[in-house]
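Please load the model in a viewer and keep the selection panel at hand. The stops below proceed from a ligand to its surroundings and then to a second site.

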Amino acid sequence: MSVHIGAEKGSIAETVLMPGDPLRARFIAEKFLENTECYNEVRGMYGYTGLYKGKAVSVQGSGMGQASLSIYTNELICDYGVKNLIRVGSCGSYHEHVKVRDLVIAMSASTDSAMNRERFNGNFYAPTADYHLFKTMTAQADEMGMTYHAGNILATDTFYHDDPEHWKKWADFGVLAVEMESAALYTLAAKHGARALTICTVSDNLATGEFTSSEERETSFTEMMKLALETAFKL
Ligand SMILES: O=P(O)(O)O[C@H]1O[C@H](CO)[C@@H](O)[C@H]1O
Ligand SMILES: O=c1cc[nH]c(=O)[nH]1
């Protein structure tokens, strides 16, 4: 047991898929894994371990935002020895050509959070995806004939910004899309010698106003789920 995960030692696999939404975690476990066991229900933040093509993989909800994800990431790595963390999230696109349902693989994660400013005494750390995971996932996507966007995303602390135009500055500097966890994920993985990568499905587009329903975000982003699982299988 750790503070927020009620699992026995050894019951979480070396590779963990991490959606923000715990119900997306349940969906992935039920749809894609065999011999599945739920190892965590603490706070409703479901965690499961099962077999994907015979290989053990876990799926753990992270909750929304860097504060929540940081708790689970710390405990997964430090208390359960997790080595590979693949966030399977949703994101808001900043560009017309990055369309709803497209895949975005985050090479790096900018942030408006004070978390790393405080951690690095006012200096600017560059949270970066693990290259081995990135290479494995993009090669797998090519093999499966899937297209994707790869680049910088924004991990924001604020879903509802006061200024409705705030996102345009990030878009002007090439940021592809916004979500709320990856800067913390990449920073903590680097600190603890683990590997991390984020893949997101575009759930809404700030440039066009298009969006998906909460049910679609929970259950329909299966292309991303399959790609993340195939990547986990290859590790
Ligand atoms: O769908 P998930 O994985 O939760 O990701 C995105 O959705 C949430 C906001 O609606 C934030 O957690 C953001 O990062
Ligand atoms: O954080 C997020 C996730 C999806 N869409 C957004 O606009 N923001």
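Begin with the shell around ligand 2, which comprises five nonpolar, three polar and two charged residues. The model is a predicted one.

Select the shell by name: Ser90, Cys91, Gly92, Phe159, Val178, Glu179, Met180, Ser203, Asp204 and Leu206 surround ligand 2. Of the 240 Å² that ligand 2 exposes when taken alone, the protein buries 86%.

A nitrogen atom of ligand 2 lies 2.7 Å from a side-chain N or O atom of Asp204. At Gly92, a backbone N or O atom is 3.2 Å from a nitrogen atom of ligand 2.

Now colour strand 5 (84-93), strand 8 (177-179) and strand 9 (195-205), each of which contributes at least two residues to this shell. Strand 5 provides the largest share, three residues.

Helix 1 (22-32) and helix 7 (214-219) are among the elements giving two or more residues to the lining, while strand 5 gives the most, five residues.

Finally, move to the second largest pocket, with about 220 Å³ of space. Select Ser110, Thr111, Phe124, Tyr125 and Pro127, which lie nearest its centre among 13 lining residues. Strand 6 (103-111) and helix 3 (115-119) each supply at least two residues of this lining; the largest share, four residues, is from strand 6.

Technical notes
Residues are numbered from 1 along each chain as its sequence is written. Chains are lettered from A and ligands numbered from 1 in the order in which they are written. This is a predicted model: local features need pLDDT of at least 70, side-chain atom pairs count only at pLDDT 80 or more; totals for chains, interfaces and linings use all residues. Side-chain values use heavy atoms; hydrogens and water are left out. A residue is near a molecule or strand if one of its heavy atoms lies within 4 Å of it. A polar contact is a pair of N or O atoms within 3.5 Å; within protein, one must be able to donate a hydrogen and the other to accept it, and residues adjacent in sequence count only if both atoms are side-chain atoms. Accessible areas come from the Shrake-Rupley method with a 1.4 Å probe; for residues, only the protein chains shown count as cover. Ala, Val, Leu, Ile, Met, Phe, Trp, Tyr, Cys and Pro count as nonpolar, Asp, Glu, Lys and Arg as charged, and the others, Gly among them, as polar. On a 1 Å grid over the protein atoms alone, a cavity is a set of points where a 1.4 Å probe fits but cannot get out, and a pocket is an open set with protein on both sides within 12 Å along at least five of seven lines; lining residues have an atom within 4 Å of a point. Grid points are joined across faces, edges and corners, and a volume is the space filled by probe spheres set on the points.
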